[in-house]
Structure formats: structure tokens, C-alpha cells
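Here is a short report for a reader who is new to this structure. Please look at the sequence and the model first.

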Amino acid sequence: MRRGRYHLTGLLRILSETQNLSFTWIESVCFYVVCSVPMAFAALNVVQQVVAVNKTTFDVYGRNGSSIARIIFNFLHSSLWGFIYPTSVNLIVLLYCFLCQNFCRQINRITRDIRQCRVQNFTLSKHANISAQEARNGDLLHLTQRVFSVPSFLISAAHFCSCITVLGSLIVDAGTYIKNYTLFCQSVLVFLNSSGGFLACLWTAGGLPLAEDQMKDAFRRKMRERLHLFGKVDEDCFQNELMQKASFLISGCLIVYFQRSSILYLLGTILTYSILLVTKAQSIRKNNDHKKCLRISRFLRKFTICHIQYANILKEHCFKMN
């Protein structure tokens with residue numbers, strides 16, 4: 001993001017000059033929820049240390065303290081760590097999703113203009129206007145891809161690894177989380193933030209090719225109506241240019257392609273991983289139980305042998321006494 005800050009500044013400046021950039025109520029709610037996550041982490045950490053662990057003294061740089069100032073310090077310290085991850089990452093995700101959603105609204109506006117336009121008014125000048133708007137959106141999309149290509153890939157990898165790690169710990173080490181509810185809440189909060197950020201990227205960025213396909217379909221239908229009304233017309237240049245152009249697909253470093261169909265693949269991967277973890281955990285428990293049984297049987301065998309030897313010694317001793 002730091003390397004592409006100049007491109008990002010130029011992109012935001014162009015969008016602010018040509019469009020009305022403002023959050024919808026859903027985006028505003030998401031922004032406030034993301035910003036409140038560090039305080040939730042900090043509150044859970046303080047509750048874990050004060051209520052669950054019954055710890056009223058805090059170790060701050062090697063010194064113990066029991067005052068309210070130490071609790072405030074711990075709260076701020078936990079808030080800072082919560083802001084580093086996942087809040088700062090999800091703020092970038094929120095900006096990325098906001099830009100993608102804004103481009104989707106622009107494409108949907110073009111589609112709505114095509115559908116509402118009368119067949120008689122759908123002339124070459126209207127085609128040129130639509131082509132110019134589509135080309136401008138394409139240039140801005142390429143600039144967005146240039147800015148967020150590497151960050152989106154790193155964010156996707158971080159969120160996916162975080163989801164897998166938390167899910168694995170919840171399955172394998174379930175006993176620890178059952179005893180410690182605050183730790184369980186923190187893990188669930190991390191999982192929800194990571195999975196929510198990843199799904200938001202896939203859903204919003206994956207809506208761009210769908211919006212372009214709808215625009216092309218509306219343009220094709222309007223051209224078909226004009227052809228049926230006026231017969232053969234020499235207006236195929238813009239149609240060929242628009243139809244032959246592939247739908248723009250945003251990716252992260254050309255490795256992770258953001259499509260809505262990828263959500264099913266992601267859920268299938270997590271489900272498969274969960275089944276493997278459950279199977280592995282059960283096998284580990286069986287092996288541990290088997291090892292415990294072997295230890296008990298060995299102990300009983302050794303105890304029996306010692307008891308027999310001791311009984312033989314007593315018999316010999318009694319025989320000598322007689």
C-alpha cells in the first residue's frame with residue numbers, strides 16, 4: 001500500500017471529482033463494527049485476567065501494579081494489538097470493497113440507462129457515450145488492480161491462514177476452550193473477522209464481472225430490438241468492441257482470482273480440513289488411550305511379578321523357619 005499510495009491518491013482524487021463518494025448505511029455500519037473490534041479484544045483480555053484468572057496485579061515491564069492505571073494500560077495495550085490485526089487489515093479490505101462496490105454501481109447505472117433508453121434513441125451517439133463511460137470505468141479498474149494487487153493477495157493469505165489456524169485449534173484443543181470461555185470468545189472473534197474480510201473481498205470484487213455481463217446482455221438485447229425494428233443497420237462497430245472485450249476480473253498477483261464461485265471452493269476446503277482435523281484428533285485420542293492402557297498393563301504385570309517374587313521369598317523363608 002505504501003508503494004502504491006501515489007496511485008491510490010490519484011484514484012481517489014479522480015473518483016471524488018467525477019462521482020459522489022459516500023458510504024451507504026451498510027458500509028457505515030461495517031466501518032463502525034471494524035473500528036470497535038480492538039476494544040472488544042481489549043475488554044475480553046481484561047475480563048480474562050481479572051475475572052477468569054482472578055488476577056488483579058499486572059506485570060508492566062517487570063513491575064507489578066494493582067491500580068486502575070495498570071488496567072487501563074493493559075486495555076490500551078490489547079487495543080493496539082487488536083488494531084494491528086485484524087482491524088487495520090479489515091480497514092484496507094473495507095476501502096477495497098468500497099471501491100469495487102462503487103464501480104459496480106457505475107456499471108449498473110450504465111445498464112439501467114441502456115434498458116431505459118428507447119429503441120429509436122439508441123443511435124451511434126448513444127453507443128459512443130456508453131463506450132466512453134465503459135472505457136473510463138475500465139481505466140479506473142486497471143488502476144485499482146495496480147494498487148491493490150499485492151495487498152489483496154497478502155490479505156487473502158493472512159485471512160485464510162488465520163481461519164485455518166483458529167479452526168484447527170478449536171477442534172484439536174477443544175478442552176482448553178471449554179474451560180476458558182474468554183479465550184473461546186477471542187478465537188471466535190478472530191475467526192469472524194478473518195472469514196468476514198475474506199468473504200467480503202470475494203463477494204464485492206466478484207460482482208464486477210457479473211455487472212459487466214449484465215451490461216453486455218442489456219446492450220445486446222437493445223441492439224436486437226433495434227435490428228427487428230429498422231432491419232439491417234451499420235452500427236456493429238461498438239457492439240463488436242463491447243462484446244469481444246472480456247469481463248474484467250480482479251486478482252491478487254494473478255494468483256487469487258476474486259470470484260463469487262470461489263466461496264464454494266473455500267467452504268469445501270475448510271470443510272475438508274475440518275474433517276481431517278477431527279479424524280486426526282480422534283486418532284490421537286485413541287493412541288493416547290491405547291498408550292495409557294499399555295502403561296497400566298505393564299504396571300500391573302510388573303506389580304504381579306513383584307508380588308509373586310515376594311510370595312516365593314516368603315514361602316522360602318517360612319520353609320527355612322520350619
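## Basis

This is a predicted model, in which local features need pLDDT of at least 70 and side-chain atom pairs count only at pLDDT 80 or more, while totals for chains, interfaces and linings use all residues. Residues are numbered from 1 along each chain as its sequence is written, and side-chain values use heavy atoms, with hydrogens and water left out.

## Overall fold

The chain has 8 helices and 4 strands. Both are DSSP runs numbered from the N terminus: helices are H or I with at least four residues, strands are E with at least two. Along the sequence the pattern reads α-α-β-β-α-α-α-α-α-β-β-α.

The chain holds 322 residues, and 36% of them count as buried. Buried means under 20% relative accessible area, exposed means over 50%, and partly exposed lies in between, using a 1.4 Å probe and protein chains only. Contact means heavy atoms within 4.5 Å. Among contacts in the chain with a separation of 6 or more, 82% join residues 24 or more positions apart.

## Nonpolar cores

A nonpolar core is a set of buried Ala, Val, Leu, Ile, Met, Phe, Trp, Tyr and Cys residues joined through side-chain atoms within 4.5 Å. The largest one has 44 residues. Tyr-96, Phe-103, Ile-114, Leu-208 and Ile-250 touch the most other members. H3 gives the most, with 12 residues.

What does Phe-103 touch, not counting residues up to four places away in sequence? Its partners are Leu-11, Leu-15, Leu-140, Leu-141, Thr-144 and Leu-208. A second, separate core has 6 residues, including Val-37, Val-166, Leu-189 and Val-190.

## Pocket and cavity

Rolling a probe the size of a water molecule over the atoms shows where empty space is left. The search uses a 1 Å grid over the protein atoms alone. A cavity is a set of points where a 1.4 Å probe fits but cannot get out. A pocket is an open set with protein on both sides within 12 Å along at least five of seven lines. Lining residues have an atom within 4 Å of a point. Grid points are joined across faces, edges and corners, and a volume is the space filled by probe spheres set on the points.

| Space | Volume | Lining by class |
|---|---|---|
| Largest pocket | about 500 Å³ | 13 nonpolar, 7 polar and 2 charged residues |
| Largest cavity | about 30 Å³ | 6 nonpolar, 1 polar and no charged residues |

In these classes, Ala, Val, Leu, Ile, Met, Phe, Trp, Tyr, Cys and Pro count as nonpolar, Asp, Glu, Lys and Arg as charged, and the others, Gly among them, as polar.

The largest pocket is lined by 22 residues. Cys-30, Leu-94, Cys-97, Gly-196 and Ala-200 lie nearest its centre. Helix H2 (25–52), H3 and H6 each give two or more residues to this lining. The largest share, 8 residues, comes from H6. Domain 1 (21–84) and domain 2 (96–318) each supply at least three lining residues; these bounds come from an automatic or database domain assignment.

The structure holds 1 cavity of 30 Å³ or more. Ile-92, Val-93, Tyr-96, Phe-148, Ser-152, Ile-155 and Cys-201 line the largest cavity. H3 and H4 each supply at least two of its lining residues.

## Single residues

Phe-148 lies in H4 and is buried, at 2% relative accessibility. Phe-148 and Ile-92 are 56 residues apart in sequence, and 9.4 Å separates them in space, C-alpha to C-alpha.

Is Glu-27 buried or exposed? Glu-27 is buried, because its relative accessible area is 11%. Its place is in H2. Leaving aside neighbours within four places in sequence, Glu-27 contacts Ser-22, Leu-94, Phe-98, Gln-101 and Arg-105.

Some backbone details also stand apart. A cis peptide bond joins Tyr-85 and Pro-86, with omega about 10 degrees. Pro-86 is placed in H3.

Cys-253 has a phi near 60 degrees, a positive value in a residue other than glycine. Cys-253 lies in the loop between strand E3 (251–252) and strand E4 (256–257). Its relative accessibility is 29%, so Cys-253 counts as partly exposed. Leu-254 also has a positive phi near 60 degrees and lies in the loop between E3 and E4. Leu-254 counts as exposed, at 62% relative accessibility.
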